[in-house]
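Hello,

Here is the structure for your next look. My notes follow below it.

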Amino acid sequence: MHIEEPVSRSSGGTSSYWPDVGASLVVFLVALPLCVGIAVASGVPAELGIITGIVGGIVVGLLPGSSLQVSGPAAGLTVLVADTVAAHGLAALGVIVLGAGLLQILMGLLRLGRWFRAISPSVVQGMLAGIGLVLVLSQLYPFAGRAAPATTAEKVAGLPGLVVGAVTSPAAIGVGLLTLAVAALWKRSRLRAVPGVLVAVVVASAVGLLLPLQRIEVGPLTDVVALVDLSVLDAGLIGAIVTFALVASAESLFSAAAVDRMHSGPRTRYNQELVAQGVGNAVCGVLGSLPMTAVIVRSSANVQAGARTKASRVLHGVWLLVFVVALPGVLAYVPLAALAAVLLQAGWKLLEPRRVAELVRTDRAESAVLLLTAGLIITTDLLTGTLAGLLAAVVKTAWDVSRLSVSVTPDGQEHEHVTLRGNATFLRLPRLLEALESLPVTKHVRVDLSGLRHLDQACHQAIEHWADAHRTAGRTVDLIRPSAG
C-alpha cells in the first residue's frame, strides 16, 4: 500500500512506522466500544457497527483524501438510522447506505467538497467541546457499571443516582479508575513506545477477571452480513438516500477541518476525501451495515497518539478484523468500564475546558459562537449544532466587517458636511438613516462617500431616496461619490 510521508521527519527504517502501530492500537481501543455502542443505539446488531469500522479503517484508510482522519459508524447518525430502520426495515438500510455512498462519490467528482472548508475556528472548537461533553456524559454510566439513558436530558438527570449507585457498587468504577491511573502513570515511564492505553486496558482486564463486570459481547460477523437487496428500492427511499449523503458528507468534512487544525501534516484534499467516504459507504451498503462518516473522536485519538501516516488508520481496521474474526473470545475479557475510561479520557481531551474558559475571557463574541455550537450539539445533534454555529459565525463576521463611521460637521450657518467611512451595508442601514434624517431640512448638505470601501445596494438606495426627499424641500444635496479607480 502507498504510505504518505510522515508528519515529522524520522531517522528512517522500519522504526519510523512504530508510532503508527502504537497509534493504531489506541484508535482500535477507542473505536471498538464506539462501533458496538452506536450499533446498539441505532437498533441494529452490534456486529454491523464492527463491519462499518473495519471498512472505514481498511477501505477508506487506503484511499487518498486525508492522512490522519479515521472513519467508522458515527454517533451523529444514530437517530437517523434508528428512525429509518423503524420506518423501512433493516433490509432497506443497505440500499439507502449504498445510494448515499454513490451520491457522495458523485458530489466529490463534481468538486463540491471544497465548500466545506469554510469553517470558523470557534465553530471547530465548539464542535469538539460539544462532542467531548456528549461523550463524557454517555460514558459515565458504563464507567460506573450502569446502562446509559437514551437522551442527554435523561443522562444529566440521572447523574445523582449514578453517584449513589457507584458508591454502593464500586467494582466497575474501581476498574475504570484503575484504567485511568495506569494510563497516566505509564506516560511517565521509560516504556512510552508501548501505548499507555493498551497497557491500562490489559491491566484492568486482568483485575476484572476477579469481579462480576459487564463485558463486550460480539458474535461472528457472518451471522449478520446480508448483501444488499435492490428489490426493496422504491421512490420512498430517495429522500432518505439524499439525507444520509448530505449529513454524512457534512460530518466528515467538518471533522476534516477540525482534524487538520490538530496536526502539522498534509492537509485534507476535500473532494478526494468525499469520494473516499462515498466508496466506504457504498461498500457498507453492499454488506448491509451501518453508514459511516469520519469520526472526530477516533481521529483526535489518532493524532494525539502520535500517528504520522495513514498506516495507523488502516491498521486499526486490521485489528478490528483480526480480533473479531480470529480472537472473539479475547474481547470477552475486556470490561466495559475499562473501555468507558478510555472514552472518558478522549472526551475530556476534546472538551478542553481550559481553552474554552480562556476564549470566554478574551473574546466574548467568539466564545458565544463556541457555546452556541457546543450547546446545540449537546441538545440536538452534531449537524444541527455545527450548521447553527456556522450561521452564527457568518453573522458575526458580517457584523464585524460592516463598520461604518458617520461624522457630521457644520460648515457655516447654512451647510452641513457628512462624511462616511468604512463599509456601508444593510446591517448598518438603521444607523446611517438615523444620522441623515436627524439633519435639519433647512440646510444644504454635502455627503462625502469617497471614504467608503463598500456601498451595498440597500444603503445606496437609502441615500438616494433621502437626497431626493431633501431636494424636494428646496435644498441642495451634493453627493461626492467614490472614484471609479
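Valine 207 counts as partly exposed, because its relative accessibility is 34% (buried is under 20% relative accessible area, exposed over 50%, partly exposed in between; 1.4 Å probe, protein chains only). Valine 207 sits in helix 9, residues 196–208 (helices are DSSP runs of H or I, at least four residues, numbered from the N terminus).

Valine 207 also belongs to a nonpolar surface patch of about 550 Å², together with Val203, Leu209, Leu210, Leu211 and Tyr333. Patch residues have over 30% relative accessible area and no salt bridge, and nonpolar side chains are joined within 5 Å. Areas are Shrake-Rupley values with a 1.4 Å probe. A salt bridge puts a side-chain nitrogen of Lys or Arg within 4 Å of a carboxyl oxygen of Asp or Glu.

This is a predicted model: local features need pLDDT of at least 70, side-chain atom pairs count only at pLDDT 80 or more, and totals for chains, interfaces and linings use all residues. Residues are numbered from 1 along each chain as its sequence is written, and side-chain values use heavy atoms, without hydrogens or water.

Mean pLDDT (the predictor's confidence in each residue, from 0 to 100) is 84, and 94% of residues reach 70 or more. Residues 1–14 fall below 50, yet that stretch has 24 contacts beyond near neighbours in sequence (contact: heavy atoms within 4.5 Å). Where pLDDT is low, predicted coordinates should not be read in detail.

Now serine 138. Serine 138 is in helix 5, residues 121–143. At 15% relative accessibility, serine 138 counts as buried. Beyond four places in sequence, serine 138 contacts Ala148 and Lys155.

Best wishes

Note on methods. Helix = DSSP H or I, 4+ residues; strand = E, 2+ residues; numbered from the N terminus. Patch = residues over 30% accessible without salt bridge, like charges linked within 9 Å, V, L, I, M, F, W, Y side chains within 5 Å.
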